[in-house]
Amino acid sequence: FPAFKLTAVKAGKEGLGGNGFGGFSSTDDVFSTFSDIFGEFFGFGGRTGRGPRPQAGSDLRYDLTVAFRDAAAGTEVGLKIPKEIPCGECGGSGAAPGTRPEICRQCGGAGQVHQSQGFFRIAVPCPVCRGQGTIIATPCAACRGRGIVHEVKEISVKVPAGVDTGDRIRLSGEGERGEQGGPPGDLYVQVQVQDHPIFTREDANLYCQVPIGFVAAALGGEFEVPTLDGKVMLKVPAGTQTGKMFRIRGKGVKPVRGGPVGDLVCRVTVETPV
């Protein structure tokens, strides 16, 4: 609970104001004040609450697997997401067409009732309407009084170039619907990039192995090296040993959050004849 402080008050005539309630004019003020305090802490809204409060919808997560090349270049994919939408028959009210929800007689539409527990008077959700403030006498047949129905929604997600495993794409308002008119939640697409048979990635740079023959390593030469957008020629000097690194500028990945394109780092492996 949030930190709070209650100041001790002397009982009897020595209390503030001389009425034995420490500045309160009557027991009603004491009950009302404590009702407000506990209402704020326990979410009942005290004497100011009228009906259930709007609540934001929950966020959703979708795990998306992307090919290595698509993650580097960017792509667009379609997702099918189960959604809850307002019922078309009743307009989301939950009541059968031609009827409407009735105000709860127990709480008068407030969604809460007050109970006295010893010295305290607290507000609790109405047991009749379950805190809704209204009662549906004739439920809608299509949604069974819930006011919502389920459907599968197709949405398009743009995967930006340079995404990597662990990155998240946020789609505002595509999460679960809010309650009592509250805003919907968001959908977070969690990206998982597939491994590549040739390249490995570290930040914006790509790494690959380049096998060359024993004679070519001794005499030097030019060799074709694959990149994500075609092949390039790599010049290897004479006397190159296994493990030698060569960097090809601008043949890596463009960072998703901006910055220069990375490089392709080639590690030479000299194949010894057998």
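Guide: Arg201 and Asp164 form a salt bridge, with their closest N and O atoms 3.8 Å apart. The pair links distant parts of the chain, 37 residues apart: Arg201 is in strand E10, and Asp164 is in the loop between strand E7 (148-159) and E8. This is a predicted model, in which local features need pLDDT of at least 70 and side-chain atom pairs count only at pLDDT 80 or more, while totals for chains, interfaces and linings use all residues. Residues are numbered from 1 along each chain as its sequence is written, and side-chain values use heavy atoms, with hydrogens and water left out.

Visitor: What is a salt bridge, and how many does a search of the whole structure find?

Guide: A salt bridge is a side-chain nitrogen of Lys or Arg within 4 Å of a carboxyl oxygen of Asp or Glu. The search of the whole structure finds 13 salt bridges. In one of them, the side chains of Glu174 and Lys83 meet at 3.7 Å, N to O. Glu174 lies in the loop between E8 and E9 and Lys83 in strand E2 (residues 75-86), so this pair ties together parts that are 91 residues apart in sequence.

Visitor: Are Glu174 and Lys83 buried or exposed?

Guide: Buried means under 20% relative accessible area, exposed over 50%, and partly exposed in between (1.4 Å probe, protein chains only). Both Glu174 and Lys83 are buried; for Glu174 the relative accessibility is 17%. By contrast, Arg201 is partly exposed at 23%, and Asp164 is partly exposed at 28%. Salt bridges that share partners join Lys83, Lys153 and Glu174 into one network.

Visitor: In what order do the strands of the open sheet stand?

Guide: Strands (E, at least two residues) are DSSP runs, numbered from the N terminus, and two strands pair if DSSP finds at least two bridges between them. Here 4 strands form an open sheet in the order E10-E11-E15-E14, with mixed pairing. Strand E10 (200-202) and strand E14 (245-248) stand at the edges with a single partner strand each, so one side of each is left without a neighbour in the sheet.

Visitor: How many bridges join E10 to strand E11?

Guide: There are 3 bridges between E10 and strand E11 (residues 205-213), and the two strands run antiparallel. Glu202 has Asn205 as its bridge partner in E11.
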